[in-house]
Amino acid sequence: MMRPTNTWFAEKLGDHGIYTQYMEDHHPAHMPCLEIRLLDWQQAAEIALRLEMRLVAVWATEGGCHDQPDSMFAYMGLAHPEHRHVLLRTQLGRERREIASISRHYIAACRMERHMQDMLGITVSDIPDGRRWIKHEHWPEDALPLRSEFAATTRMAQAEGSYPYVSSNSEAVCQIAVGPVHAGIIEPGHFRFLTVGEMILNMEERLGYVHKGIEKAMCGKTAAAGIRLAARISGDASVGHSWAFAHACEYAAGIRAPRRASYLRGILCERERMANHIGDIGAICNDAAFSFMHAQMQRLREDMARMHKQLFGHRLLMDTLIPGGVSIDLDQRGCRLLSEQTRMLAAEVEHLRTIYADHPSIQQRVIGSGIVSVNEARDIGLLGYVGRASGNYADERIEEAYPPYNELEVHVPQGRHGDVATRVWARFEEIADSARMIIRLLEQLPEGAVSNAWQAPEAGTSGFSAVESWRGEIACWLRFGDHGLIDRFFVRDPSVINWLGLELAVRDVPVPDFPLNNKSFNCSYSGNDL
């Protein structure tokens, strides 16, 4: 739970002639953020970039009960390692819903701006790529799902259309289409390759096939029902998304989770990090035909899933967090079992790591494959272990230091080579550090309650949060309406940004090495296709 420190950035904007005002000065119930003029939107992004702030997210929403009923607003979330988070808000014109693109300053903004166009019908001027993104070509042109007049039960007639992929007229360039349906039991996503022989010149993603309408479905839910939906945004990041949602709710309501609950949340989140890294390292090795490593890692992940089911009631730790705390607790026996298994896992993974490092066939495939340079990673704003492999070390556990991380020392892997090997190295490092923190949290688990009573905030109150999930930063914003029900919701999974990195990574990579690189990123389809 956080309160953005807006003063520093407000002063910087003022130095450049951009007038700001705090929303809380005029709407005390609102989440405090800086209101700026529409014509200053693009310049504010330019100033933020010069101040080395990173983009968290860009989104838009219709007004709430404290605003004019037909109003529409755009938000820009920014972060700085020393000055924490800042939210900017601007009101769009009533006659023409148009805003200037900030993509020239923040590359990752482009797809978020395309989402705004698709879902709300906002025109984004100067956008470098105005193609539909989430709204597929078979959706009706006039379908705007995040407008209030669009009912969640609306059945849309199928339209005709096609997606204009990047193409080449050269006879030497071949086009390869992969997906959206894949051979494995994974979610659908389409990859369009341009190749010369086996070498990839360009790879373009087409996502959105599992669009679930999460942002719309969240409207009208209580916080208790909403967090169950949040846990299912991306099933392998159940704890991360639940925690981001809970923090946003708790900020809006002005409550904090008890200290014991924050410890348990940290344990759950770090266990989720370990489980996913362990499974993915095995899958990466499997894509390079190192099946021994795959089998061993899958065995360890299965052991973790069974322990989660035994102690917390769900293999993927769903529904363990609630607004105000957690729904589960650990007794002494549970703490002992979890501590013993965590120690065993850390030791066995470290042993497997030496086998992986000493196996020439896997090293030949991962070293130097799928490089994303330090400059590219920073330009995109790559998150999590993917960013850390390429010199971008943002970590909310340190920058925001929310409980229990305010009592822990988090060790962030600092890689720079940006290839598959470094992404695997960063995962191994994070497994070891997560195990260390879990053991410490279990040993020092404080006594006390595991939840505080939930009290819905007043209508018009909003909350924002950013937490460090295993893929990286998850950002969540929500607003409460009448009767304690959520009336607007936005979430940004780290995959929304990291998918861009995969496109860069596979340039000049042989087509057979695409699965290897894809798994080294392991971006979420579901987390992108809200």
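Two strands count as paired if DSSP finds at least two bridges between them. Helices (H or I, at least four residues) and strands (E, at least two) are DSSP runs, numbered from the N terminus. The model is a predicted one: local features need pLDDT of at least 70, side-chain atom pairs count only at pLDDT 80 or more, and totals for chains, interfaces and linings use all residues. Residues are numbered from 1 along each chain as its sequence is written, and side-chain values use heavy atoms, with hydrogens and water left out.

The protein has 18 helices and 15 strands. Its radius of gyration (taken over C-alpha atoms) is 23 Å. Along the principal axes, the C-alpha atoms fill a box of roughly 70 × 65 × 50 Å.

One place to start is an open sheet of three strands, in the order β13-β14-β15, with antiparallel pairing. The edges are β13 (462-468) and β15 (486-492); each has a single partner strand, so one side of each is left without a neighbour in the sheet. From one strand to the next the twist averages 10 degrees. Strand β14 (residues 473-480) is joined to β15 by six bridges, and phenylalanine 480 stands opposite isoleucine 486 in β15. In a regular strand the side chains alternate between the two faces of the sheet.

Helix α7 lies across β13, β14 and β15, running at about 145 degrees to β13. Here axes are lines fitted to C-alpha atoms, for helices over the stretch in contact, and angles run from 0 to 180 degrees between N-to-C directions. Contact means heavy atoms within 4.5 Å.

Helix α7 (residues 238-253) also packs with helix α6 (residues 223-230), at an angle of about 155 degrees and with the axes 8 Å apart. That makes α6 roughly antiparallel to α7 (angles under 35 degrees count as roughly parallel, over 145 as roughly antiparallel, 65 to 115 as roughly perpendicular and the rest as oblique). The crossing of α6 and α7 is right-handed; a crossing is right-handed if the near helix is turned clockwise from the far one by less than a right angle, and left-handed if anticlockwise. On α6 the contact is made by Ala223, Gly226, Ile227 and Ala230, and on α7 by His241, Ser242, Phe245, Ala246 and Cys249. By class, this contact has six nonpolar, three polar and no charged residues. Ala, Val, Leu, Ile, Met, Phe, Trp, Tyr, Cys and Pro count as nonpolar, Asp, Glu, Lys and Arg as charged, and the others, Gly among them, as polar.

Helix α8 is another partner of α7: the two pack at an angle of about 145 degrees, with their axes 8 Å apart. Among the α7 residues that meet α8 are Trp243, Ala246 and Glu250, and the α8 residues include Arg265, Leu268 and Glu272. The contact of α7 with α8 has five nonpolar, four polar and three charged residues.

The axes of α8 (residues 259-287) and α15 (residues 420-443) come within 9 Å and cross at roughly 150 degrees. The two helices are therefore roughly antiparallel, and their crossing is left-handed. Their contact divides into 15 nonpolar, four polar and six charged residues.

Elsewhere, seven bridges join the antiparallel strands β9 (residues 190-196) and β10 (residues 199-206). Phenylalanine 193 stands opposite methionine 203 in β10. The hairpin of β9 and β10 has two residues between the strands, and glycine 197 takes a positive phi near 65 degrees.

Notes:
The radius of gyration is taken over C-alpha atoms; the globule rule is 2.2 Å times the number of residues to the power 0.38.
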